[in-house]
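Trainee: I've just opened this one and could use a guide. Can we go through it together, one question at a time?

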Amino acid sequence: MDLGSHSTLNEHLQRMGISSGSQDKVSVLDSGPEMTEPQLAVDPVATSNLSAKAPEFYPSGYNQNFNQNFTDSSFEDRCDGYLTLAEYVQDFLNHLTEQPGCFETEIEQFAETLNGWVIADEALQELVELIYQQATSVPNFSYMGARLCNYLSHHLTISPQSGNFRQLLLQRCRTEYENRDEATKGDETTRKQFHAFVLFLAELYLNLEVKGTKGQVTRAEILQEGLRELLNALFSNPVDSNLICAVKLLKLTGSVLEDAWKEKGKNDMEEVIQRIENVVLDANCSRDVKHMLLKLVELRSSNWGRVHGTTPHAEATPENDPNYFMNEPTFYTSDGVPFTAADPDYQEKYQELLEREDLFPYYEENGADLSGPGELCFCLLNWAA
């Protein structure tokens, strides 16, 4: 082989990323019986400082014990590694916050574990407080917290003399409710905490199912009256943050509240709308907040965005009624796609809607059978007094 052909081969190998000056050899096919091509080398492979024996990586805040324990079958195994009930419950709440999609698949086992652990009044009260704090302090957990409360209210077996899960939960909410007037006049931190409570109570109203003596499922009527008084408190102190909270509350529950009031022959929503119009005319709130209030009045005038047939024979369908699956207000994504609380991604879409509006950058958004119809009223007597 002449020098010209050898030079051509070197150029070809260089284009392929192989250097002729390396020490590691690469065999080349013989060109003939009397001549063997030179053995060419490649660059040595760079070594890595990473170790195959390094411990498995977990994101910050990830609890290995939780996922391992929670997927085990027995109560003893699931609780192994948890020293207290608070530790176990808080891990599950954090897990549910980060992965809300696991609710359906893991809630049954969580309730089963609690039934093996929560066997005293103090433990039940601690459980209620942990869930309440998570729902009112962690953004976007109010809806999931309300769903969790509804499930536990029907599946926890403990029912001490101090009250079952639902009764203790409503008693805890009553504590915040009774401070409503002071809270709406408080400093920014106090108001923000109160607003988180208001939105959690709204989600409880929408998601907490109460079974009557005949098996019928209704909403907790005491919460309906409570929300009415919370609106009064917010409008009585019409600073921007209170009014923004009132708008969020009405967007979330306005259609349901109005329907419930109408069934009783009450005109409460008309009074609420009149109060909003008075605030727009008289209050010293910002221009943006007044615009939000006017948009809310417009939403209500369109029956909260619900679509109904123009004739008695027109039948609602998923195509002509965005609330076909649930009688809730309609909102719209940035692409103009309608969605309601019936959508699986409702909470994420609703939060995106809030963040898209530049009107409130400092406020974050936080969805056992009764022995008789008077049980709730007994535990929260004079709530709305």
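Trainee: Is the crossing of α5 and α7 left-handed or right-handed?

Mentor: Keep in mind that we're looking at a predicted model. Find α5 at residues 103–117 and α7 at residues 142–155. Their axes come within 11 Å and cross at roughly 50°, which means α5 is oblique to α7. As for the hand of that crossing, it's right-handed.

Trainee: Which residues of α7 make the contact with α5?

Mentor: Start on the α5 side, where the contact residues include Phe103, Ile107, Phe110 and Leu114. Across from them, α7 brings in Met144, Arg147, Leu148, Tyr151, Leu152 and His155.

Trainee: Which residues does Leu114 touch, leaving out those up to four places away in sequence?

Mentor: Leu114 belongs to the α5 side of that helix contact, and Leu152 of α7 is among its partners.

Trainee: What share of the chain's residues is buried?

Mentor: Buried here means under 20% relative accessible area. The chain has 16 helices and 6 strands, and it exposes about 21100 Å², with carbon and sulfur atoms supplying 49% of that. Out of 385 residues, the buried share is 44%.

Conventions
Residues numbered from 1 in each chain as written. Predicted model: local features only at pLDDT ≥ 70, side-chain atom pairs only at ≥ 80, totals over all residues. Heavy atoms only, no water. Contact = heavy atoms within 4.5 Å. Helix = DSSP H or I, 4+ residues; strand = E, 2+ residues; numbered from the N terminus. Buried < 20%, exposed > 50% of the residue type's maximum accessible area, 1.4 Å probe, protein only. Areas by Shrake-Rupley, 256 points an atom, 1.4 Å probe, with all protein chains shown as cover. Axes fitted to C-alpha atoms, helices over the stretch in contact; angles between N-to-C directions. Parallel < 35°, antiparallel > 145°, perpendicular 65-115°, else oblique. Left-handed = near helix turned anticlockwise from the far one by under 90°.
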